[in-house]
Each structure stands twice: as C-alpha cells, then as structure tokens.
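Work through the following exercises with the sequence and the coordinates side by side, and try each task before reading its solution.

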Amino acid sequence: GAQNLGTAANSTGMRDAAINSATDLGLTTSNVSPAPRQYFQCANDTPTSTQTVCSDGRAPKVFVEVTVSKNFQTIFNYPGIPNNVAVSRVATMRVQ
C-alpha cells in the first residue's frame with residue numbers, strides 16, 4: 001500500500017500482503033483487524049481520514065497502517081510464563 005496513492009487506498013491488497021508475508025504463521029483475514037487504512041497528517045496536526053490542504057498550503061503526508069494479531073502458544077508449560085499469549089503489531093509506512 002505504500003508504493004503510491006493508488007495502492008494506499010487498497011485495503012484488501014494491504015490485508016492480503018500482510019497475510020501472504022507470514023504464510024508460516026497461518027494468518028487469516030480475522031488476524032488483520034481493524035481493516036488496513038490510509039490516513040493523512042499535516043505537520044503538528046492530528047491524523048485524519050480526510051485529505052485536505054494543510055494550513056501552510058502544503059499537501060498532507062499520507063500514511064498506511066496495518067495491524068496483525070495472533071495468539072502464540074508454547075509447546076510446553078514453563079513456570080511463570082503463560083502458555084497462550086496474544087501478540088499484536090502495527091506497521092505504519094509513509095506513502096511514497
């Protein structure tokens with residue numbers, strides 16, 4: 001999604017790329033939640049889902065974000081370590 005503005009709006013493509021990049025983990029669409037998104041941000045402003053011209057007259061920076069979650073389960077029980085842990089990561093990239 002970070003290649004250009006066209007791919008930045010392709011949430012299905014970003015979701016599929018996240019799933020396909022970790023085939024050994026057995027990810028499915030339910031692991032990519034919330035849906036991948038693009039957002040816009042002017043200098044020193046809060047991110048917004050609407051693309052507007054910044055107060056300084058410049059175009060906002062465009063970002064894409066994908067969140068992936070998966071439960072990790074140990075093979076054996078270890079004292080003091082839970083055998084089932086939810087792991088979640090967010091990848092954010094600026095669109096080129």
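**Exercise 1. Locate Asn44 and decide whether Asn44 is buried or exposed.**

Asn44 lies in the loop that runs between strand 1 and strand 2, where strands (E, at least two residues) are DSSP runs numbered from the N terminus. The model is a predicted one, in which local features need pLDDT of at least 70 and side-chain atom pairs count only at pLDDT 80 or more, while totals for chains, interfaces and linings use all residues. Residues are numbered from 1 along each chain as its sequence is written, and side-chain values use heavy atoms, with hydrogens and water left out. The relative accessible area of Asn44 is 83%, so Asn44 is exposed (buried means under 20%, exposed over 50%, partly exposed in between, with a 1.4 Å probe and protein chains only). As for the backbone, phi of Asn44 is near 60°, a positive value in a residue other than glycine.

**Exercise 2. Classify the one aromatic pair that the structure holds.**

A pair of aromatic rings is described by the distance of the centres and the angle of the planes. The ring centres of Tyr39 and Phe63 are 5.3 Å apart and their planes meet at 20°, so the pair is stacked (rings of Phe, Tyr and Trp, the last by its six-membered ring, pair if their centres lie within 6.5 Å; planes under 30 degrees apart count as stacked, over 60 as edge-to-face and the rest as tilted). The pair links distant parts of the chain, since Tyr39 belongs to strand 1 and Phe63 to strand 2, 24 residues apart. Tyr39 is buried at a relative accessible area of 9%, and Phe63 is buried at 15%.

Definitions and conventions: Helix = DSSP H or I, 4+ residues; strand = E, 2+ residues; numbered from the N terminus.
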